[in-house]
Amino acid sequence: MKQNYSETIKDHYHHPRNTGKISDYTHTAEQINALCGDEIRIYLKIVNSKIENLSYEARGCMIAVAAASVVSEYARGKKLEEIKKLDVYEVARLLEVSISPARAQCAMLFLQTLNKI
Amino acid sequence: MFEKVFPILKRKINGQRLVYLDNASTAQKPESVLRAMDDFYRKHNANTHRGIHTLSQEATELYEGARDKVQKFINAGFREEIILTSGATEAINLVVWTWGHENIHAGDEILLSEMEHHSNIVPWQILAKKKRAKIKYAPIDGNGRLKLPSLIPLISPRTRIVSIAHISNVLGTINPIEKIIKTAHRKGANVLIDGAQAGAHIPIDVQKLDCDFYVLSGHKMYGPTGVGGLYGKKELLNLMPPYQTGGHMIKKVKAQFAPRSPTRSGSQNLDIAWADLPHKFEAGTANISAVIGLGAAIDFLSHFPSPGVGRVAAGQERSKAIRAIQNHESILTSYALKQMKKIPSLEIYGPQDAKDRIGVISFNLKGIPPHDLASILDSRGIAIRTGHHCAMPLHDKLGIESSARISLAIYNTKEDINKLTEGIRYAQRLLSFPRRRESSPRSWSMARLDARSGRA
């Protein structure tokens, strides 16, 4: 089993990519994880059902923030519907860890929010 | 030594000895509690208060015997002042929706404190909204304590109730409730004490306290889940309408529900009559085995450190046992605070010493979100709680989103604390990421989200 906290997680947590609020967003959504109080708001610029640009403001645990960061990098330029289909295993792959069931909600916070759009 | 008494402590978690430090959420159950519940289903199972047959009588005796134990444990004057509920939450809701509904009107005030659990906030908020009443919050000081000089002026002639925790479930603070009760009564307000965190840790004497209502949680006192207690002064309980209605709580019903049916138990009505106390507030078949389990848990607490199964402790014996528990936990709390303070970048919220507090210690580590700390500790067999601990207004006041919390019980040892502090240091080594600048958690501060948006 891979270590629960990879260098990727630590890197993306301490230096999250694509944070902030893009000015030309077309869609936004917000989600709170009631279990731990993690919060995220995402901003997407969608042109022809493609994610042209995106950003987010997040507050949460290492896994939630790092997952938002890696998924946001992965999602740029891809179809919104394609990203919506990502599951916890794909997020775990991007983070280079295995995600325990207890932490699946953390890892999926960004995608749950995206699925509100 | 406690592995024999608490079977779960023999478990290995992720290959490690279980170090259970989440007792403020729920405590583990001693063998005697498990056996009492098992015995009930194996030997005595029947419904209470109705059957003429032997099993029903035995079930009733065991159930009512548990009520007597609760009464003695908190030194209530009368056994009918003890209402058995599904837990502390139901006990508070019962008071809010019966006493509160009858006695709180537009413009009246409800005084809570900033350190309350959601279960002692939200029911009052809903009632206040319905009745157009006002809620005030007594502030805590920098050490996480309620100070009388700032609380007392908040009790006004319009204050109908002061509803306050005996002990904070986040800070561990023991509140000066004797003085609060005295002052509130002098000013004409009633007082509810939320004792969910107190039952297993400090002596409770409701007659001496003179509180109007006192709430207990069974599963935090080494009893099973789904059971708790409400103490209420008889004269108040008698005037209150029932909370839920149905079987067990009724003396007489007719097919036609009369429009003049009573809302108060004292009302005379020919068509419907509520049962006497305490049954008026115990509609439906109770959680009988859990109530019996609670009785066994009280036996366990009352005889500590000797087992004393099935024997009701005398008053003196009981206070000696609780003092022994307090003594053990206080030494351990001092040790935990001392050891935790040695860890760099660890901030403890609330009182910094073991005086007037119990072993509930909330803290944060700089740069490591509590959730991730808890994951690392879990991998080493250590169970702690993280999040807002159902006290979001308190976390807002502390200026944090969440915290990590340890909470101690009688089976915890210095060795457990050592394991914890080793685990915390391990997490710091594992999760810190010193590359580039200072590794402050930008993700926490960068967010421009309003922490209060969309929250109750």
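Keep in mind that the model is predicted. In chain A, three strands make up an open sheet with antiparallel pairing. In chain B, S163(B) sits in strand β7 and counts as buried.

**The sheet in chain A**
- Reading across the sheet, the strands come in the order β1-β2-β3.
- Strands β1 (27-32) and β3 (50-59) of chain A stand at the edges; each has a single partner strand, so one side of each is left without a neighbour in the sheet.
- On average, neighbouring strands of this sheet are turned by 15 degrees against each other, direction ignored.
- If you trace β2 (residues 39-47) of chain A, you will find nine bridges joining it to β3(A), and the two run antiparallel.

- Helix α2 of chain A spans residues 62-75 and lies across β2 and β3 of chain A.
- Its direction makes an angle of about 170 degrees with β3(A).

**A serine in chain B**
- Is S163(B) buried or exposed? Its relative accessibility is 0%, and buried means under 20%, so S163(B) counts as buried.
- The side chains of S163(B) and W124(B) make a polar contact at 3.3 Å.
- Setting aside neighbours within four places in sequence, S163(B) is in contact with several residues, including L111(B), L112(B), N120(B) and L192(B).

Definitions and conventions. Residues numbered from 1 in each chain as written. Chains lettered and ligands numbered in written order. Predicted model: local features only at pLDDT ≥ 70, side-chain atom pairs only at ≥ 80, totals over all residues. Heavy atoms only, no water. Pairing = 2+ DSSP bridges. Helix = DSSP H or I, 4+ residues; strand = E, 2+ residues; numbered from the N terminus. Axes fitted to C-alpha atoms, helices over the stretch in contact; angles between N-to-C directions. Contact = heavy atoms within 4.5 Å. Buried < 20%, exposed > 50% of the residue type's maximum accessible area, 1.4 Å probe, protein only. Polar contact = N/O pair within 3.5 Å; in protein donor to acceptor, adjacent residues only side chain to side chain.
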